[in-house]
Amino acid sequence: MPLTSLIVFITAFSIGYGPIPWIMMGELFYPNVKEAAGSLATTINWTCVFIVTFTFEPLQGAIHDYGVYWLFGSISALNFIFCLAFVPETKGKTLQETTAYFGGPPS
């Protein structure tokens with residue numbers, strides 16, 4: 001179970017949360033802020049990965065293996081529901097349309 005869960009986590013992260021900062025940067029930021037936004041997004045992304053890695057073992061000792069997997073699985077499920085409900089689809093929209101949706105200044 002632990003090895004299978006680790007493989008599922010790595011696979012899901014690689015096709016899910018892992019590349020999101022780089023995908024979203026191209027759709028959300030103007031070229032003049034893309035470098036700073038990319039640095040910030042990458043830092044936040046890897047900080048979250050560090051937090052998961054750093055807290056796994058202490059949580060494992062506190063709530064056992066199954067508790068940690070249920071906790072992280074529940075957080076992922078809630079995040080999935082949040083994304084379905086609140087993250088807008090930007091496919092086929094221009095950068096200006098996407099920026100206007102988020103209340104940015106018109107270009």
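Okay, a definition to start: a residue is buried under 20% relative accessible area, exposed over 50%, and partly exposed in between, using a 1.4 Å probe and protein chains only. By that rule Tyr69, at 23%, is partly exposed.

What you're looking at is a predicted model, where local features need pLDDT of at least 70, side-chain atom pairs count only at pLDDT 80 or more, and totals for chains, interfaces and linings use all residues. Residues are numbered from 1 along each chain as its sequence is written, and side-chain values use heavy atoms, with hydrogens and water left out.

Let's begin with the records. UniProt, in an unreviewed entry, has "domain: Major facilitator superfamily (MFS) profile" covering residues 1–91. An unreviewed entry also puts "transmembrane region" at residues 6–24, 36–56 and 68–87. UniProt positions are in the numbering used here, feature names are shortened, and annotations may be inferred rather than shown by experiment.

How do those spans look in the model? Residues 1–91 are 84% helix and 0% strand, with the end C-alpha atoms 37 Å apart. Helices here are DSSP runs of H or I, at least four residues, and strands are runs of E, at least two, all numbered from the N terminus. Residues 36–56 come out as 100% helix and 0% strand, and their end C-alpha atoms are 30 Å apart. For residues 68–87 it's 95% helix, 0% strand and 27 Å between the end C-alpha atoms.

Now the aromatics. How many aromatic pairs does a search of the whole structure find? Four. Rings of Phe, Tyr and Trp (its six-membered ring) pair if their centres lie within 6.5 Å; planes under 30 degrees apart are stacked, over 60 edge-to-face, and the rest tilted. One of the pairs is Phe56 with Tyr69, which is tilted: 5.9 Å centre to centre, with 50° between the planes. Phe56 is partly exposed, at 24% relative accessible area. The rings of Phe82 and Phe86 have planes at 40° and centres 5.2 Å apart, so that pair is tilted too. Both of these residues lie in helix α3, residues 34–86, four residues apart, which is about one turn of the helix. Phe82 is partly exposed at 47%, while Phe86 counts as exposed at 58%. And ring pairs link Phe56, Tyr69 and Phe72 into a cluster.

One more ring to point out: the charged end of Lys93 sits over Tyr101, 5.8 Å from the ring centre. For that, NZ of Lys or CZ of Arg has to be within 6 Å of the ring centre and within 35 degrees of the ring normal.

Back in α3, take a look at His64. Most residues other than glycine have a negative phi. His64, though, has a positive phi, near 70°. His64 is partly exposed, at 45% relative accessibility.

Over to the start of the chain. Which residues make the nonpolar surface patch of about 500 Å²? Leu3, Leu6, Ile7, Phe9 and Ile10. Patch residues have over 30% relative accessible area and no salt bridge, with like charges joined within 9 Å and nonpolar side chains (Val, Leu, Ile, Met, Phe, Trp, Tyr) within 5 Å. A salt bridge means a side-chain nitrogen of Lys or Arg within 4 Å of a carboxyl oxygen of Asp or Glu. Leu3 is in helix α1, residues 2–15, and is exposed at 60%.

Last one: is Gly18 buried or exposed? Buried, at 9%, and you'll find Gly18 in the loop between α1 and α2.

Technical notes. Accessible areas come from the Shrake-Rupley method with a 1.4 Å probe; for residues, only the protein chains shown count as cover.
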